Amino acid sequence: MKKVVTVQANTVEEAVQQALDILKLTRQQVHVEILTNPGRRLMGLRKVMAEVKVSAKERMAENKPVERQLSKVEELAALVDRLDMENLTPSTTRIEHTVAQEKSPVKSEQNISSARIHKGEIQFHFGEDRLPSVIPNDQAIVTINGELRLEPVLIQPEDQVNITIQDEVIAPKFTIQLMEKDMIALLSFTPGKRVKRSLVDTSWSPRLVIRVEETIEYTNDLKPQAIVDELKVMGVQQGILFPAIKKVTEVDKPYELIVAKGTLPVAGTHGDLEVHIRYEEFDPDSEEKVDFREMNAITNVKEGQVIATHIAPVPGTPGQSLLGRPIPVKPVRDIVLRTGKNVKQVQEDIVTLISGKPMLDRRDRLVKIDVNNEFNHPGEVSLESGNIRFEGDVRIGGNVLPSMFVGATGSVFIGGSVTKAEIHAMKTVMVKGNVLSSTISVGKQEANVSELAALIKNVTDMLVQIKEAVNQIFIIRGQGEAELSPSELKRLISILMEKRYAQFEDVNKKFIQKVREQKDRVDEEWVHVADRLYDLFINPLNEKLQNMGEFEQLIEEAYILVQLYDTESSPHIKLIVPYAINSTLYSCGHIDIVSKGVYHSNLTADETIKIKGVCRGGEIYARLEVSLQEAGSESPVKTVIRTSEEGRIKIGTAYAGTEIYVGMRKYVFSKDATNISAHLDAEGELDLG
């Protein structure tokens with residue numbers, strides 16, 4: 001009987017080797033048929049095993065001499081010799097050597113040798129011309145005179161031919177893969193099979209091709225406990241999905257599903273500030289026509305009102321993989337809340353101490369909240385009213401007349417025009433009427449704070465480097481901080497500053513001096529950090545540095561100032577006017593000209609300048625972007641527009657004679673041009689777009 005086995009493994013080579021071990025044969029003694037190549041399906045989630053069918057080749061008898069293959073003429077001659085020698089008639093040969101023979105072919109075909117399969121048996125008819133041949137099939141075992149034959153063969157009348165077919169029973173099987181970092185177990189199931197085989201009947205033919213017909217019945221006798229046991233062998237002790245396992249044992253087709261899941265981590269929530277008031281600002285880009293009555297939607301609050309609530313962070317819950325490995329959850333962060341002098345934190349609520357306008361400044365996770373007083377002057381600012389200086393916001397209903405001054409630590413809102421006057425504010429200036437021959441500046445104090453922020457950033461970076469250097473020295477010497485006295489620790493830091501961080505002393509002194517110069521105009525936290533830096537690094541009589549914990553606390557306090565102030569200017573800092581002539585306008589943030597434009601004026605902004613109308617004469621500078629509809633004039637009026645190297649200038653129409661500068665690159669329009677977008681390209685050359 002021909003030996004045949006079907007084997008599955010991870011690779012074709014492994015499957016063939018397993019089959020050879022079962023058959024106890026060498027590679028040269030078998031025939032290999034690859035049924036399935038290994039791979040992945042279902043978007044890479046399902047692994048497909050290699051499957052091969054290995055059958056034994058025909059064995060040659062030991063010590064049997066190798067016979068020379070005869071030509072067709074020689075075969076016929078030998079056959080004739082044998083028939084003459086045996087003195088047999090064709091009819092006698094058929095009777096003696098036909099296997100399960102029934103009716104012979106019709107008389108017209110009696111002289112033609114042929115064979116057929118009939119009712120599961122092989123039958124032969126031998127004529128006088130030639131011998132019939134049989135073409136074996138891999139699923140049917142053909143033996144001739146007890147010898148297995150795998151190749152096509154001629155049948156002699158005296159040969160004993162047997163054909164054996166086998167039914168096959170294949171048990172169901174499954175594989176389990178741990179995926180997604182051991183968070184899910186994916187089971188791939190293949191049902192079992194009962195394969196029933198039978199010979200296909202054929203008609204008489206000199207060349208009989210054996211064919212086998214299969215009937216396949218899929219089976220599933222898999223037990224849930226077998227899957228559970230396999231999971232336990234893999235180390236999965238929890239998260240097993242028993243309903244899914246039961247479902248696998250009920251299907252009769254290939255199936256994939258998740259049979260175990262790890263516990264996913266539950267993310268926490270960061271701390272936040274819930275604001276209970278409506279706070280809106282005028283957007284000059286929101287509409288073409290400006291209604292100055294609506295350009296300042298401000299909500300005033302009353303004394304004792306809860307204006308915000310601090311929402312504490314909620315930590316997350318760690319997860320666990322199927323193998324018991326903990327899955328960490330991302331840490332949550334709280335906001336850093338800074339309250340002004342006119343608000344108070346009562347437990348988690350922020351309560352205002354005065355009536356006025358709330359001021360909220362968010363920068364990443366740092367939030368600064370305060371309430372400004374508001375001074376409301378319904379009439380004009382004139383010699384009769386006097387100049388106005390106020391700690392908070394100022395609202396003026398009428399005009400600001402020549403030679404008058406208005407200053408505020410908050411915002412200034414003017415319902416009329418400004419003529420030959422001077423306006424200073426910290427946050428915002430909005431003017432309903434025109435600005436004529438006046439000076440308006442917004443956020444100069446913010447610019448000073450930005451300078452302090454740059455200095456404290458340098459100081460903080462050097463403090464961090466000094467701290468890391470101290471820690472490295474502890475590691476190299478094998479000593480801990482506890483083995484040094486406070487005076488020794490201070491001496492160690494002094495040596496590091498002298499030898500490796502000499503520039504720290506200059507930067508630190510400059511920062512302290514700048515803070516003290518503006519002590520009355522900056523927040524108390526600046527003064528506190530400056531005093532701490534002076535005590536620890538300059539004051540020779542101070543012995544406050546007891547350990548590295550105090551050093552690290554100073555770094556944390558300085559870092560908070562960096563985070564709070566080392567950002568671009570606040571988007572709330574704006575100067576908004578409809579029209580200006582012969583004036584000087586400055587903003588630490590943005591300048592928006594929302595109506596006719598500017599004439600013979602100088603405008604400077606640290607961020608952007610947007611002019612919806614025209615710009616005729618004067619000089620314009622913004623660090624990031626200048627955008628305007630018309631620049632210059634048909635008559636010779638010098639108009640200069642500047643931006644930084646990283647900035648951009650956008651002009652709808654530029655008249656001849658208009659000058660533009662991007663960094664140090666200059667261009668003068670020799671003729672009118674439209675749709676200009678000037679910037680520096682990658683090589684630093686001026687590109688007009």
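Where is His600 found?

Tutor: His600 is found in strand E40; helices (DSSP runs of H or I, at least four residues) and strands (runs of E, at least two) are numbered from the N terminus. Residue numbers start from 1 along each chain as its sequence is written, and side-chain values rest on heavy atoms, with hydrogens and water left out. The model is a predicted one, in which local features need pLDDT of at least 70 and side-chain atom pairs count only at pLDDT 80 or more, while totals for chains, interfaces and linings use all residues.

The backbone of His600 deserves attention. Its phi is near 50°, a positive value in a residue other than glycine. Most residues other than glycine have a negative phi. With a relative accessible area of 45%, His600 is partly exposed; buried means under 20%, exposed over 50% and partly exposed in between, for a 1.4 Å probe and protein chains only.

Strand E40 spans residues 590-605 and pairs with strand E41, residues 608-622, in the parallel sense over twelve bridges; two strands count as paired if DSSP finds at least two bridges between them. Strands of a sheet pair through backbone hydrogen bonds, either parallel or antiparallel. Ser601 stands opposite Gly618 in E41. Gly618 also stands opposite Thr639, which belongs to E43. Strand E43 covers residues 639-643 and is joined to E41 in the parallel sense over five bridges. A further parallel pairing links E41 to strand E42, residues 625-631, through six bridges; here Ile611 has Leu628 in E42 as its bridge partner.

Lys420 has a positive phi of about 50° although it is not a glycine. Its place is in the loop between strand E33 (418-419) and strand E34 (422-425). Lys420 counts as exposed, at 54% relative accessibility, whereas His600 is partly exposed.

Leaving aside neighbours within four places in sequence, Val400 is in contact (heavy atoms within 4.5 Å) with Val381, Val406, Ile414, Ser417, Val418, Thr419, Ala421 and Ile423. Val400 and Leu585 are the residues with the most contacts inside the largest nonpolar core, which has 49 residues. Such a core is a set of buried Ala, Val, Leu, Ile, Met, Phe, Trp, Tyr and Cys residues joined through side-chain atoms within 4.5 Å. There is also a second, separate core of 38 residues, including Leu452, Ile456, Leu463 and Leu496. In soluble globular proteins, nonpolar side chains tend to be buried together.

An open sheet of three strands, in the order E10-E9-E12, has antiparallel pairing. Strand E10 (147-149) and strand E12 (161-165) stand at the edges with a single partner strand each, so one side of each is left without a neighbour in the sheet. Strand E9, residues 140-144, pairs with E12 in the antiparallel sense over five bridges, and Ile141 stands opposite Thr164 in E12.

Gly235, which follows H4, has a positive phi near 100°.

Finally, the whole chain gives the setting. The protein has ten helices and 48 strands, and 42% of its 689 residues count as buried. The mean pLDDT (the predictor's confidence in each residue, from 0 to 100) is 81, and 83% of residues reach 70 or more. Over residues 60-67 pLDDT stays under 50, and the model has zero contacts beyond four places in sequence for them. Residues 70-104 also have pLDDT below 50, yet that stretch has 38 contacts in the model beyond near neighbours in sequence. Where pLDDT is low, the predicted coordinates should not be read in detail.
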